[in-house]
Amino acid sequence: QLQVVESGGGLVQPGGSLRLSCAASGFSSGLTFDRYAIFWSRQAPGKEREGVSCIANSGGATYYTNSMRDRFTISRDNAKNTVSLQMSALEPEDSAVYYCAADRRGLCPHTQSPLAKLNLDWGQGTQVTVSS
């Protein structure tokens, strides 16, 4: 059974950086990690889940807002079955639980396509708190 585990969250001051990791295991028969697209989303208390970034099996990356595109970088290491999300210039508004998910379809949809339609299984998440 496919599993993803997020790590790397923590408390950081405004303007600081964090690097989140998503480790995947338990792939479907005949598939390997490099076939999957990996998504990052986040959810703050009282708010809906929002997309953060996606990296396709081709390595192509998408970001759900211009602000994320300017400050975040998603990358994958297929040899280690991991995807990283490097976040810089963090703002208090970035505080949330960050989740990752793997999609065997391998593609990143248009960012205006609702995440809920993908029926992704998200991990347990890692808390990011940006505060002075």
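This report describes the sheet, the nonpolar core and the aromatic contacts of a predicted model.

Residues are numbered from 1 along each chain as its sequence is written. Local features need pLDDT of at least 70, side-chain atom pairs count only at pLDDT 80 or more, totals for chains, interfaces and linings use all residues, and side-chain values use heavy atoms, with hydrogens and water left out.

**The sheet**

Strands here are DSSP runs of E with at least two residues, numbered from the N terminus. Two strands pair if DSSP finds at least two bridges between them. Six strands make up an open sheet with mixed pairing, in the order β2-β10-β9-β4-β5-β6. At its edges are β2 (10-12) and β6 (61-63), each of which pairs on one side only. On average, neighbouring strands of this sheet are turned by 20° against each other, direction ignored; the axes are lines fitted to C-alpha atoms, and angles between N-to-C directions run from 0 to 180 degrees. Strands β4 and β9 run antiparallel and are joined by seven bridges. F39 has A101 in β9 as its bridge partner.

**The core**

A nonpolar core is a set of buried Ala, Val, Leu, Ile, Met, Phe, Trp, Tyr and Cys residues joined through side-chain atoms within 4.5 Å. Buried means under 20% relative accessible area, exposed over 50%, and partly exposed in between (1.4 Å probe, protein chains only). The largest such core has 41 residues, and F39, W40, L85, M87 and Y98 have the most contacts inside it. Elements that give two or more residues to this core include β4 (37-43), β8 (82-87) and β9 (96-103). The most comes from β9, with seven residues.

Contact means heavy atoms within 4.5 Å. With neighbours within four places in sequence left aside, M87 is in contact with G16, S17, L18, L20, R71, F72, Y98 and V128.

**Aromatic rings**

Rings of Phe, Tyr and Trp (its six-membered ring) pair if their centres lie within 6.5 Å; planes under 30 degrees apart count as stacked, over 60 as edge-to-face and the rest as tilted. By this rule there are two aromatic pairs.

| Pair | Centre distance | Plane angle | Type |
|---|---|---|---|
| F27 and F33 | 6.0 Å | 50° | tilted |
| F27 and Y36 | 5.5 Å | 45° | tilted |

F27, F33 and Y36 form one aromatic cluster. F27 is partly exposed, at 23% relative accessible area, whereas F33 is buried at 2% and Y36 is buried at 1%.

A charge sits over a ring if NZ of Lys or CZ of Arg is within 6 Å of the ring centre and within 35 degrees of the ring normal. The charged end of R49 lies over the ring of Y99, 4.6 Å from its centre.

Definitions and conventions: Helices (H or I, at least four residues) and strands (E, at least two) are DSSP runs, numbered from the N terminus.
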